[in-house]
Amino acid sequence: MEEEREKDLKAEGEENNLLDGRIVLCGANAYEQKYFFNKKDFGKIPQAIQEELHILCVMFTEDVGGIFTISFDEDGSVMLDTQAAEDDYLYDEINAGMMVRQVMKYREGLFEDLRMFYRVFILHESLDE
């Protein structure tokens, strides 16, 4: 089942970069040792931030395993998701949850900047709002 989800994520990422109604910014997959960045929608993000996201995603999956994605919901909130294959007995859900909270806390400025980017460039809101 998780293999299907993985394939779906890959296919959706290539077609329209959507995951459960959210727009995927980037993600890493420990099973295939791959990284994905949505250049179609987010190619204007500065290269330094793209590299920081790349490192963040890959390090997360190196530490925890599974699949890690960063996406935006309809209103521009940044969503961090992690999941694992059913037969991945090394994946630790508790540690993954703690890592997500730690990343959100220590990278709060980055995620606020990304949220602002999304609101301005994707939702076309003015900065005054």
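The model is predicted, so local features need pLDDT of at least 70 and side-chain atom pairs count only at pLDDT 80 or more, while totals for chains, interfaces and linings use all residues. Residues are numbered from 1 along each chain as its sequence is written, and side-chain values use heavy atoms, with hydrogens and water left out.

**The second largest pocket**

- A pocket is an open set of points on a 1 Å grid over the protein atoms alone, where a 1.4 Å probe fits, with protein on both sides within 12 Å along at least five of seven lines.
- The second largest pocket holds about 150 Å³ of space, a volume being the space filled by probe spheres set on the points.
- Its lining (residues with an atom within 4 Å of a point) includes I55, M59, Q102 and R107.
- Two or more lining residues come from each of α3 (47-64) and α4 (93-106), where helices are DSSP runs of H or I with at least four residues.
- Helix α3 gives the most to this lining, with five residues.
- Seven of the lining residues are nonpolar, one is polar and two are charged.

**Helix α3 with α4**

- The axes of α3 and α4 (lines fitted to C-alpha atoms over the stretch in contact) come within 10 Å and cross at roughly 155°, on a scale from 0 to 180 degrees between N-to-C directions.
- That angle makes α3 roughly antiparallel to α4, a term for angles over 145 degrees.
- In contact (heavy atoms within 4.5 Å), L56, F60, D63 and V64 of α3 meet N95, A96, M99, V100 and V103 of α4.
- These contact residues divide into seven nonpolar, one polar and one charged.

**Helix α3 with α5**

- The axes of α3 and α5 (residues 108-122) come within 12 Å and cross at roughly 125°.
- I49, E52, L53 and L56 in α3 meet L110, F111 and L114 in α5.
- Six residues of this contact are nonpolar, none is polar and one is charged.

Definitions and conventions. Nonpolar A, V, L, I, M, F, W, Y, C, P; charged D, E, K, R; others polar. Parallel < 35°, antiparallel > 145°, perpendicular 65-115°, else oblique.
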